[in-house]
There are 2 protein chains.
Amino acid sequence: MTTLLNEAYSFIFEEELLKEIEEVGVLRIVKEGERIIEIGDYVKAMPLLIEGAIKILREDKDGDELLLYFLERGDTCAMTLSCCLGETKSEIRAVAEMETKIIMIPIEKMEEWTAKYKSWRDFVFQSYHSRLTEMLDTIDTIAFMNMDQRLMRYLQDKAKINQNEVLQITHQNIAYDLHTSRVVVSRLLKKLELEGKIKLQRNSIKVIDL
Amino acid sequence: MTTLLNEAYSFIFEEELLKEIEEVGVLRIVKEGERIIEIGDYVKAMPLLIEGAIKILREDKDGDELLLYFLERGDTCAMTLSCCLGETKSEIRAVAEMETKIIMIPIEKMEEWTAKYKSWRDFVFQSYHSRLTEMLDTIDTIAFMNMDQRLMRYLQDKAKINQNEVLQITHQNIAYDLHTSRVVVSRLLKKLELEGKIKLQRNSIKVIDL
DNA sequence: ACCCCTTTGTAACCAATGTTACTGTGCAGC
DNA sequence: GCTGCACAGTAACATTGGTTACAAAGGGGT
């Protein structure tokens with residue numbers, strides 16, 4: 001755990017805090033597609049993302065989903081953080097986008113570290129800031145952009161996160177993330193292909209130039 | 001200032017902190033419609049809302065607006081807070097919904113109080129939590145709801161904030177807040193009137209039963 | 001009363017997106 | 001090779017919301 005932890009966080013946290021994290025943190029490895037947090041869960045530990053990526057989803061009363069944003073190495077879930085502190089249920093779902101390594105911190109440490117370590121405070125506030133910014137971004141996207149632009153953005157993000165220009169995903173799953181229908185996605189993807197921006201294959205999409 | 005401050009915050013902050021706030025805080029009174037924070041502003045003070053209400057807006061590149069949420073007494077703007085701490089520009093616009101009293105806290109105090117006062121830490125985290133929740137709510141609204149539902153929600157919120165079932169507002173201004181067109185708003189309002197939920201008057205809307 | 005300006009009502013039309021339904025295609029398992 | 005299934009392509013249509021255009025109503029100033 002030490003090596004991974006250091007790789008991702010040594011330049012953020014002070015020496016002593018890193019040691020504490022090692023002591024009380026529990027490494028958890030989740031497989032692609034695994035649900036890490038479910039809506040309504042009481043959260044009893046705070047996750048530090050060490051390796052991999054997670055997508056954060058919102059669900060409405062009919063069970064329709066919407067992708068909010070991705071988390072990567074060095075991120076934490078401010079939403080979870082927020083839930084920990086407020087001792088409320090999770091408002092979101094977290095799903096592993098690929099195999100992912102996380103260190104779980106028991107919430108008892110939160111209050112303690114916040115008072116004790118400036119680097120921890122900074123990290124927490126930085127996380128909140130990032131997440132608020134990301135939420136604003138999400139709002140911009142759904143409020144101001146058309147579906148074709150949203151789709152392009154989605155493909156870009158996905159390619160970046162997976163560090164691969166070939167995305168293993170079906171039209172249906174894209175539709176779930178964007179909260180639209182499969183037919184609409186197929187239609188727009190076909191248009192993007194005709195524009196030479198992507199290449200469609202079965203079960204995958206090759207990003208050429210978005 | 002003392003009385004107002006106590007009314008709004010005495011049950012949140014400890015004695016000593018209240019005294020500090022009184023010492024360094026500056027009371028600011030803004031008139032209805034006044035812009036308190038503009039997008040791109042560097043924020044040099046953190047606002048505590050004492051009396052009145054503020055609406056928080058997002059703007060896209062074409063200048064189109066979208067209402068994010070309202071702030072009321074006892075609230076602070078987590079977005080501003082976030083900007084203060086990160087020393088970044090404001091991502092949002094804040095406009096007084098009515099005459100509003102605010103206490104401005106110099107940002108230098110932020111770090112100090114966060115380390116020193118638990119009640120301050122709790123307040124800050126509570127604020128972040130509220131704002132994240134409100135952002136999720138906003139996302140739900142624009143992602144999952146139709147314009148008629150969004151309009152109803154808007155009227156409800158507005159009536160609550162103004163503590164008045166007669167809303168002084170034009171269709172055009174509603175359209176700005178909801179990021180739609182005046183014609184659409186008029187159309188839907190007329191439908192709501194036919195359903196007996198509101199009563200339309202010139203320059204105002206009476207909420208009957210939403 | 002008359003003019004002017006803002007606000008609202010409404011029709012007609014358009015564009016984007018969602019829905020339904022059916023077809024085709026590639027792959028896995030037999 | 002055949003069958004079944006998940007995935008993808010596409011047409012036709014419905015719905016929602018945005019746009020344009022114009023009329024009418026209210027209210028203030030002279």
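Trainee: To start us off, in which loop of chain A is H179(A) found?

Mentor: Happy to begin there, and keep in mind that this is a predicted model. H179(A) has a positive phi of about 55°, although it is not a glycine. As for its place in the chain, H179(A) sits in the loop between α7 and α8 of chain A.

Trainee: Why does H179(A) count as partly exposed?

Mentor: A residue is buried with 20 or more other C-beta atoms within 10 Å of its own, exposed with 12 or fewer, and partly exposed in between. H179(A) has 18 C-beta neighbours inside 10 Å, so it counts as partly exposed.

Trainee: Now to chain B: is Q163(B) buried or exposed?

Mentor: Q163(B) lies in the loop between α6 and β8 of chain B. Its phi is near 45°, a positive value in a residue other than glycine. Because Q163(B) has 8 C-beta neighbours inside 10 Å, it counts as exposed.

Trainee: Let's move to the DNA. Which helix gives the most to the surface near DNA strand D?

Mentor: There are 19 residues around DNA strand D, and T170(A), H171(A), N146(B), M147(B) and T180(B) come nearest. α7 and α8 of chain A, with α6 and α8 of chain B, each supply at least two residues of that surface. With five residues, the one that gives the most is α8(A).

Trainee: And which helix has the largest share of the surface near DNA strand C?

Mentor: DNA strand C is surrounded by 20 residues, the closest being N146(A), M147(A), T180(A), T170(B) and H171(B). Here α6 and α8 of chain A, together with α7 and α8 of chain B, each supply at least two residues. The largest share, six residues, comes from α8(B).

Trainee: How many charged residues does the surface near DNA strand C have?

Mentor: Let's go through it by class. The surface near DNA strand C has six nonpolar and eight polar residues. Its charged residues number six.

Trainee: Which helix gives the most to the side of chain A that touches chain B?

Mentor: The contact takes 28 residues from chain A and 29 residues from chain B. On the chain A side, α3, α4 and α5 each supply at least two residues. With 15 residues, the one that gives the most is α5(A).

Trainee: Which strands are the edge strands of the four-stranded open sheet in chain B?

Mentor: The order in this open sheet is β2-β6-β4-β5 of chain B, with antiparallel pairing. Within it, four bridges join β4(B) to β6(B), and L57(B) has R93(B) as its bridge partner. The strands that pair on one side only are β2 and β5 of chain B.

Trainee: There is also a hairpin from β9(B) and β10(B); which residue in its turn has a positive phi?

Mentor: β9(B) and β10(B) pair in the antiparallel sense over four bridges, and L200(B) has I205(B) as its bridge partner. Two residues lie between the strands of this hairpin. The turn residue with a positive phi, about 65°, is N203(B).

Trainee: Last one: leaving aside neighbours within four places in sequence, which residues is C77(A) in contact with?

Mentor: The largest nonpolar core has 96 residues, and C77(A) is one of those that touch the most other members. Others in that group include L48(A), I54(A) and C77(B). Setting aside its neighbours within four places in sequence, C77(A) is in contact with P47(A), I56(A), L71(A) and A94(A).

Definitions and conventions:
Residues numbered from 1 in each chain as written. Chains lettered and ligands numbered in written order. Predicted model: local features only at pLDDT ≥ 70, side-chain atom pairs only at ≥ 80, totals over all residues. Near = placed C-beta within 6 Å. Nonpolar A, V, L, I, M, F, W, Y, C, P; charged D, E, K, R; others polar. Pairing = 2+ DSSP bridges. Contact = placed C-beta atoms within 7 Å. Core = buried A, V, L, I, M, F, W, Y, C linked by C-beta atoms within 7 Å.
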